[in-house]
Amino acid sequence: MSERHPIIAITGSSGAGTSSVTRTFQNIFRREAVKAAIIEGDSFHRFDRKAMRVKQAEAEQAGNKHFSHFGSENNLFAELEGLFRGYSETGRGKARKYLHDPVEAAPYNQDPGTFTDWEDLPADTDLLFYEGLHGAVVTPEVNIARYPDLLIGVVPVINLEWIQKLWRDKHVRGYSAEAVTDTILRRMPDYVNYIVPQFAHTHVNFQRVPVVDTSNPFISRDIPSADESMVVIRFANPQGIDFPYLLNMINGSWMSRANTVVVPGGKMELAMQLIFTPFIWRMMERRKRAIGAL
C-alpha cells in the first residue's frame, strides 16, 4: 500500500460484471479530476489468442482437460506483482493492451487477440486502477493482494455469472453455447483454486443475487435485469462506513449483518458512488499530504 501512489484493483471472474464497476469508477475519476493509469487484467495473460489455442490443444493431447486463462501457468503473475510493487514505490511501470476485437485492434493495425507492445505508463498519474481476473491473487510465489489500497470483488452468484458469460460470449463474441459450456467446465479447477480465494482478501465485495429462477443457466434466454436482482455488499472492515447514511440514501436497502448492506439491483451504481467517492477523496488527500511532506 502507498499513500503517494495508491492502487485500486477490481477482481472477478469472466462474466462477473467487473466492466460495469470500472465504468462507475471512470465516472468518479472524471468528476473528481483524478488521473488514473488504467490496467486491463487480460494484458497480463501469457499467450495471445492464437498461441493459447495451440497450447490448449497440446495440453489436451497430453491429458490436461483443465488448461485455462484462470491458472498461474497462463498468466504473468510475477510481472503483475512487479507492476503493483513498482507503481506503489515510484508511480511508474509498464503495461500493454490485449486487443479483444477488430474495433480495438484497428488503431494498432494488428489482429484481434494480440497484444500491443509494452509501454511506460503515463507520467504523473494520481493512482493505478486495475480490472481483471487476478487483482488479489496470493500463491506461494506471489502476493498481489498486499499492494492495492482498495480491493473490490465482483462476485455474482454462480448461476448468474454463468448466464452473463453465456450471453456475452454467444451474442457479443459469436461462440456457440456448447463452446462456452466447455470453457466453463475446463476452467472450474482454476476457478476454485485461483479466483474464489481472492475474495478472502478483498476489502469490499459486491454480489448480485437474482430474485428470478436461474436454476438452469444453460437454457436461460436473457440475463436477469438489475430490477430482478438484489446486491449484497460486504465490508471486510466496516469501521468508518456510515451505514445509516447509506440506508437513508438508498431506498429499499437493509442490513443483513453488521458488515453487510443489501440494496436493490437497480441501485448498485448509486451505492458504489456513495461508498467509493469518499474513498477517493481520502486517497487523494493522503496523497497530497505525502507529496507535500517530501
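**Exercise 1. Helices α5 and α6**

In this predicted model, find the angle at which helix α5 and helix α6 pack, then classify the pair.

*Solution.* 
Step 1: Locate the helices. Helix α5 covers residues 158-171, and helix α6 covers residues 177-195.
Step 2: Take the geometry. The two pack at an angle of about 135°, and their axes are 10 Å apart.
Step 3: Apply the cut-offs. Over 145 degrees would count as roughly antiparallel, and 65 to 115 as roughly perpendicular; the rest of the range between them is oblique. Therefore α5 and α6 are oblique to each other.
Step 4: The crossing of α5 and α6 is right-handed.

**Exercise 2. Helices α1 and α8**

Work out how α1 and α8 cross.

*Solution.* 
Step 1: Read the distance and angle. The axes of α1 and α8 come within 10 Å and cross at roughly 50°.
Step 2: Classify. Angles under 35 degrees count as roughly parallel, and roughly perpendicular starts at 65. So α1 is oblique to α8.
Step 3: α1 passes α8 in a right-handed crossing.

**Exercise 3. The second largest pocket**

Describe the space in the second largest pocket and the residues that line it.

*Solution.* 
Step 1: Start with the volume. The second largest pocket holds about 400 Å³ of space.
Step 2: Count the lining. It is made of 17 residues. Nearest the centre of the pocket lie D149, L150, H203, N237 and F279.
Step 3: Find the main contributor. Helix α8, residues 268-292, gives the most to this lining, with four residues.
Step 4: Sort the lining by class. Eight residues are nonpolar, five are polar and four are charged.

**Exercise 4. Positive phi at N109**

Repeat the analysis for N109: what is its phi, where does N109 lie, and is N109 buried or exposed?

*Solution.* 
Step 1: Check the backbone. Phi of N109 is near 55°, a positive value in a residue other than glycine.

Key. Residues numbered from 1 in each chain as written. Predicted model: local features only at pLDDT ≥ 70, side-chain atom pairs only at ≥ 80, totals over all residues. Heavy atoms only, no water. 1 Å grid on protein atoms, 1.4 Å probe; cavity = no way out; pocket = protein on both sides within 12 Å on 5 of 7 lines; lining within 4 Å. Points joined across faces, edges and corners; volume = space filled by probe spheres on them. Nonpolar A, V, L, I, M, F, W, Y, C, P; charged D, E, K, R; others polar. Axes fitted to C-alpha atoms, helices over the stretch in contact; angles between N-to-C directions. Left-handed = near helix turned anticlockwise from the far one by under 90°.
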